[in-house]
Amino acid sequence: MRIIVGISGASGVQLGIAVLRALRTHGDIETHLVMTDGAKAILPLECKETLAQVEALADVVHDNRNLAACISSGSFRTDGMIVAPCSMKSLSAIVNAYDDDLLVRAADVCRKEGRKVVLVPREMPLNQAHLRNLLRAADDGYVICPPMLTFYNGAETTDEQVEHVVGKVLMQFGIDYELFRPWEG
């Protein structure tokens, strides 16, 4: 299995890091990472991990400016893409196929090839433009998986809430995640 992980410049960069960590526990999944400049700027503000540590979690790291990277082509087979977090800027570019950077181009390529793309939007509150773009993304076949708080799983920490979101995202690809506690009602 091969999955692209995009981390854009929204608060919640740790969501993308948690996705990379979870995928790394599966030895048969090759990960391709692309981070926006915004994500790289937010990383030291929100996380203890360095850029080098985050990049080390991926099998392949791509420069977001490199529109000639393998993940920009539909001929390069992947099982899809996860954008976590997905900023409203990246969301707008994705729904408009404004392929000005590699993260957006890779998402566009995945959808045009019929591959799954899961967007983890991070903004609150949402305005009408955000909601229109989320609806357009859903109409275009993107999976919208916002990092909503859950309480049925007994999570007591923010880290446990993040692990729950990661489990829900990976579930979209049929990937089990040992730290995910599903509803048992």
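I began with helix α6 (residues 128-139): its 12 residues at 1.5 Å a residue should span 16 Å, and the end C-alpha atoms are 16 Å apart, so the two agree. The expected span is 1.5 Å times one less than the number of residues. Helices (H or I, at least four residues) and strands (E, at least two) are DSSP runs, numbered from the N terminus.

A note on the source: this is a predicted model, with local features needing pLDDT of at least 70 and side-chain atom pairs pLDDT 80 or more, while totals for chains, interfaces and linings use all residues. Residues are numbered from 1 along each chain as its sequence is written, and side-chain values use heavy atoms, leaving out hydrogens and water.

Next, which residues of α6 are buried? I found His130, Asn133, Leu134 and Ala137 (buried is under 20% relative accessible area, exposed over 50%, partly exposed in between, with a 1.4 Å probe and protein chains only). They cover an arc of only 100° around the axis, so they lie on the same side of α6; the arc is taken from the directions from the helix axis to the C-beta atoms.

I then turned to the face away from the buried side, where Gln128, Arg132, Leu135 and Asp139 are exposed. The buried residues pack against α4 (88-95), β5 and β6 (143-144), contact being heavy atoms within 4.5 Å.

Last, the ends. At the start of α6, a side-chain oxygen of asparagine 127 comes within 2.9 Å of the backbone nitrogen of alanine 129. Glycine 141, with a positive phi near 100°, follows α6.

Technical notes. Polar contact = N/O pair within 3.5 Å; in protein donor to acceptor, adjacent residues only side chain to side chain.
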